[in-house]
Amino acid sequence: MRISDRISGVFLALLGLAAFWGGSRLPPVPGQQVGPSAFPMVVGAGLMIVGILIALHIGRSFEEQAEAELAKHRQPDPEAEAFQRRRRWFAFLPPALMVAYYLLSERVGFVPVAAVMIAILAFALNAKRQLILPVSIFGALGIHLVFVKLLRVPLPPGPLPMPW
Amino acid sequence: MSSSFLAAFPLVFTQDVMIAMIASAIYGMVVGALPGLTATMATALLVPVTFYLSPIAAIATIITSSAMAIFAGDIPGCLVRIPGTPASAAYTDEAYKMTLKGQAETALGICLWFSALGGIVGTIALLLIAPALAEVALSFSTFEYFWLAILGLMCSTLVARSSPVKAIAAMLLGLLVSCIGIENPAGTPRFTFGSTDLLGGIDAIAALVGVFALAEVMRALTQKDPPAIPDRKLGSILKGQIALTKRYPKQQIRGNIVGTLIGALPGAGADMAAWVSYSLSKRFSKEREKFGTGHPEGLVEAGASNNAALAGGWIPALLFGIPGDTITAIAIGVLYMKGLNPGPTLFTEKASSMYALYIIFLLANLLMIPLGIAMIRMSKHVLKAPRSLIMPVIMVFCAVGAFSAAGNNLYAVLIVAFFGIAGYLMEENGFPVAAMVLGIVMGTMVEQNFVTSLIKSDGSILPFLSRPIAAGLAFLTFIALFWPLIAWLRRYKASLDAASPAR
């Protein structure tokens, strides 16, 4: 998903400004000139500068050169590009499912949440319908078995007790 | 030296290390061979497993799986013209052209044979260079470490195949991320916004899982399924490789050296090494016109290079805690966790562990040949595994792996989601994620040396430049900073000269 350099540059510059300002407000260490504020202020100032440079399209020629080199190694595939454009919002499904895991796994338990996550993503990736159910159930059970039994990671059990 | 060398053998040849190596070799082969799953992702997802292994076994899994993955990435490149890992992308066309000419065995054989040789030469370079550099590094003070870290960060922005300005932005973002938490010279909560989860800072492993694993899963959703692998009978894989070794000795050695050096440069890893070596091979070849038509020469050089880069990446990682590539960026975290803190003293105090590491590297590259042949033979079946079912399982691994790597903190899952989005958007828009990752991993080290040096010098800048080694490193840093400007000016002048012919 392409974001214009103007937007990303301005965003970075504002982030830099926020870091600089936030850093400058940190309490100093008594009796010392440099404290916790020095580093964030330096980084923030740097971000402001590069943000403005990016918004002004400086350095764009290097990117074009690299893209041209890469294009030489790839044959154009308009069908794949159209697919990519059509599906660009689908890319945010995995992080959304991760947030759902964060919110639900303690209450519902690892296995049901993981199984539903696998099923949803497999469906979005056009997996064979008859395979989705077995893979999501056995996948979730398998990961639970490995992490809880072998690696002793306390995954949230939820109301459903596991046989192991 | 000899006593610690002998002491290393019993460390390596134990049951748990051997089992760990074989299991991680198979894992690395499969992950590397599947398009869309990278060697770095293989390493990131291994971290939770390394918690439960002995220090040597933990390092063995990372070394073995990454070496295997870099080789195995060549297999789908040869057979279906899709690189299994980005490190194979440079010569995928060439390898596939050889397959079309009916030389699939030779192409796969070159990838396997020269990968193993490259890995072994890279290991020897690591064995010779690292201890020698450690002697020099013992005399470094915070001033030198500060410049060294900055130089490493600048390198990572120079080697990115993108705009240097965007690369610097990515690096600064990484440094900003490392500011979060109370781990700073004064122990003040910084940018925590009152959240107790942020007090401990952003867990680097969780962030790396997001950037390298979840972002790949996200990318898979916007890409079509790779084409099915055609059925092809393969003959002897290693036939003719000795002849090729004798025919292209210069190319192989050049590939090894360039690969090791690029691997040692912070932020540049196996993929960069392969691109540079392939183009070097073409530039110096006597048969340049044959490149791109299925000619083995470039394949030899680039194949020798990308596996040598893996070992090269460990040189700055072990010596200074500066990752040479994205794989060692993860490995450094594991080294700290296992009490093998990077630094020049590692080579004196933990010498036997270092020898064990070299032995593991050599073993892994020897193991690559038989396992690689087996993998090539089975690739038809492995590559049939549907991406639509693998990616969802990997997503759950991301959640569980980060959770356990961050000390069983559910908050890590949110970090994975956040950095997945960040990594995906950055990669799409030409911001190199490797530069950000280096910033995250090295941020604390840069700040500590920066602040300690400033306190020592009473706020004066002069001591940063008055020590000879520090001054030299500072000079190199400024060259790295202004190099893009020089390159641009030269190009601009050339285009002006071309536009206005001689008066």
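Contact here means heavy atoms within 4.5 Å. The model discussed is a predicted one.

Q: On that definition, what share of the contacts in chain A between residues at least 6 apart in sequence join residues at least 24 apart?
A: Among the contacts of chain A that span at least 6 positions in sequence, 61% join residues at least 24 apart.

Q: What makes up the secondary structure of chain A?
A: Chain A comes to seven helices and zero strands. Read from the N terminus, the order of its elements is α-α-α-α-α-α-α.

Q: How does the radius of gyration of chain A stand against that of a compact globule of 164 residues?
A: The globule would have a radius near 15 Å, whereas chain A has 24 Å. Along the principal axes, the C-alpha atoms of chain A fill a box of roughly 60 × 60 × 25 Å. Of the 164 residues, 38% count as buried.

Q: Into which domains is chain A divided, and where do their bounds lie?
A: Domain 1 covers 5–74 and domain 2 covers 90–150. The centres of these two domains of chain A, taken over C-alpha atoms, are separated by 37 Å.

Q: Where is A:M48 placed, and in which helix?
A: A:M48 belongs to helix 2 (residues 38–55) of chain A. Apart from neighbours within four places in sequence, A:M48 is in contact with A:A13, A:G16, A:L17 and A:F20. A:L97 lies 49 residues away from A:M48 along the chain, and 33 Å separate their C-alpha atoms.

Q: At what angle do the axes of helix 5 of chain A and helix 20 of chain B cross?
A: The axes of helix 5 (residues 93–108) of chain A and helix 20 (residues 411–428) of chain B cross at roughly 170 degrees and come within 9 Å. Angles over 145 degrees count as roughly antiparallel, and therefore helix 5 of chain A is roughly antiparallel to helix 20 of chain B.

Q: Which residues make the contact of helix 5 of chain A with helix 20 of chain B?
A: Helix 5 of chain A contributes A:P95, A:M98, A:V99, A:Y101 and A:Y102, while helix 20 of chain B contributes B:Y411, B:V413, B:L414, B:V416, B:A417 and B:I421.

Q: How many residues of this contact fall in each class, nonpolar, polar or charged?
A: The contact has eleven nonpolar residues, no polar and no charged ones. Tyr and Pro count as nonpolar, so A:P95, A:Y101, A:Y102 and B:Y411 belong to that class.

Notes. Residues are numbered from 1 along each chain as its sequence is written. Chains are lettered from A and ligands numbered from 1 in the order in which they are written. This is a predicted model: local features need pLDDT of at least 70, side-chain atom pairs count only at pLDDT 80 or more; totals for chains, interfaces and linings use all residues. Side-chain values use heavy atoms; hydrogens and water are left out. Domain bounds come from an automatic or database domain assignment. Axes are lines fitted to C-alpha atoms, for helices over the stretch in contact, and angles run from 0 to 180 degrees between N-to-C directions. Helices (H or I, at least four residues) and strands (E, at least two) are DSSP runs, numbered from the N terminus. Angles under 35 degrees count as roughly parallel, over 145 as roughly antiparallel, 65 to 115 as roughly perpendicular and the rest as oblique. The radius of gyration is taken over C-alpha atoms; the globule rule is 2.2 Å times the number of residues to the power 0.38. Buried means under 20% relative accessible area, exposed over 50%, partly exposed in between (1.4 Å probe, protein chains only).
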